Amino acid sequence: MSGSPALLLRNARIPAGVRGTDPAEILISDEGRILEIDVSIGAAEIPSADLDGRLVTPGFIDMHQHLDKSFTLAEAPNPDGTLIGAIEAFRGYSKGLTRQNLLARAQATLDRCVAMGTTAIRTHANLDYEMELRSVEAMCELRAASSDRIRLQVVAFATSSAARGDPETARALLERAIAAGADCIGGTPNLAPDPKRYIDMLLDVAEKHDLPVDLHIDETLDPQARWFDYLVDCTARRGMCGRVVGSHVSSLSAFPDDEARRSIEAAAAAGVAVCTLPAANLFLQGRDRNGLVPRGLTRVNELLAAGVPVATASDNIQDTFVPVGSGDLLEMARWTILSAHLLEDAAGRAFRMITDTPAAIMGLEHGLRVGTHADLVASRCESIEHLVAGGASERAVLHRGRPVAGTLAKS
């Protein structure tokens with residue numbers, strides 16, 4: 001293992017399944033990697049911090065956010081509470097957005113997320129005819145400025161007017177966004193006049209530049225919306241296993257059970273991942289229904305049972321799409337348990353949906369084990385079950401072994 005010992009975390013509470021006992025010690029290198037986890041490491045000359053029994057876990061990963069939209073609810077309200085209403089509200093508002101405004105709000109949201117324990121974010125940056133490259137460029141600038149605190153991935157999110165127009169014009173926008181530094185290809189096929197052609201174009205661009213794909217797809221309860229199936233089929237035919245994510249996929253919950261099962265089995269075989277967004281789906285979906293209003297989420301339990309990687313994330317924070325949100329991924333884990341009816345090992349499964357699973361989907365080195373980057377959260381809490389259920393009274397956050405939020409008591 002490369003790197004010299006630089007920090008020793010003492011009196012750490014380690015989750016079950018990690019080498020060591022309770023309490024344990026964690027040795028971190030000057031390169032920000034975990035060198036050792038054991039009962040007693042005995043590095044007296046190394047600077048140390050006494051965690052006083054705090055629970056140490058991998059940092060939280062928010063694999064679906066919209067930092068360019070957060071905290072814009074007052075300026076861009078959504079009177080009818082629908083997805084289309086939200087899209088149109090932000091589209092009108094975005095015409096006057098400046099780079100400075102985008103950066104200031106995104107930075108404030110990122111700061112809040114870091115304080116809550118988030119150590120990586122994938123943010124979808126609007127790419128359309130109103131904003132052109134302003135959001136992508138601002139998020140790439142934020143990524144560089146924040147690299148010592150958090151890992152940020154920027155999705156070139158070809159949406160709204162870009163999706164509704166000529167796919168070749170959208171392709172040109174995507175090429176410019178990639179040149180500006182975008183990490184991932186995104187879009188909204190359901191808004192396109194020809195969703196099949198739009199999906200093909202998005203995947204063509206992704207393959208050309210060897211970039212992953214993360215699409216907002218079938219964000220509706222219309223059982224006729226079947227573009228996730230086409231995305232899965234394209235992924236299999238192109239050999240893009242492990243490179244494609246379908247976010248939302250709400251319409252899957254409206255399919256007959258046997259048809260849903262076939263879709264899920266195909267996704268598992270093709271290596272397509274899913275990100276469920278409970279805040280947006282609970283708020284935006286089902287507003288046209290009376291009586292038994294549907295929850296609006298995809299079939300989380302069935303996807304998990306079939307072996308499909310499923311993450312959960314914040315999506316939007318206090319904007320026209322989601323009027324609430326704190327930036328705390330533990331809140332999203334709780335919402336997922338409730339809205340998706342998770343039962344067996346509910347806390348553990350929800351916790352993996354904000355840590356291990358999004359890390360694997362995003363291709364991030366992550367985890368509480370020797371050799372990984374020390375992106376960690378130390379919480380005043382007894383266990384992961386307690387952490388997910390009720391949070392923690394205090395949290396200290398480390399990015400590559402360096403404290404970036406909260407406090408560590410030096411000893």
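In helix 1 (residues 83-94) of this predicted model, L83, G85, A86, I87, A89, F90, Y93 and S94 are buried, burial being a relative accessible area under 20% (1.4 Å probe, protein chains only). Helices are DSSP runs of H or I with at least four residues, strands are runs of E with at least two, and both are numbered from the N terminus. The buried residues of helix 1 pack against helix 2 (99-116), strand 7 (118-127), helix 3 (134-145), helix 4 (160-164) and helix 9 (278-284), where contact denotes heavy atoms within 4.5 Å. At the start of helix 1, the backbone nitrogen of G85 lies within 3.0 Å of a side-chain oxygen of T82.

The largest nonpolar core has 100 residues, of which L174, I185 and Y198 touch the most other members. Such a core is a set of buried Ala, Val, Leu, Ile, Met, Phe, Trp, Tyr and Cys residues joined through side-chain atoms within 4.5 Å. Helix 6 (residues 195-209) supplies the largest share of this core, seven residues. Beyond four places in sequence, Y198 touches A158, T159, A162, A163, P167, A170, T188, P189 and A192.

Zero disulfides are present in the structure, a disulfide being a pair of cysteine sulfur atoms within 2.5 Å. For C275, the nearest cysteine sulfur, that of C184, is 12 Å away. C275 is buried, with a relative accessible area of 0%.

Residues are numbered from 1 along each chain as its sequence is written, and side-chain values use heavy atoms, leaving out hydrogens and water. Local features need pLDDT of at least 70 and side-chain atom pairs count only at pLDDT 80 or more, whereas totals for chains, interfaces and linings use all residues.

Terms used
Buried < 20%, exposed > 50% of the residue type's maximum accessible area, 1.4 Å probe, protein only. Polar contact = N/O pair within 3.5 Å; in protein donor to acceptor, adjacent residues only side chain to side chain.
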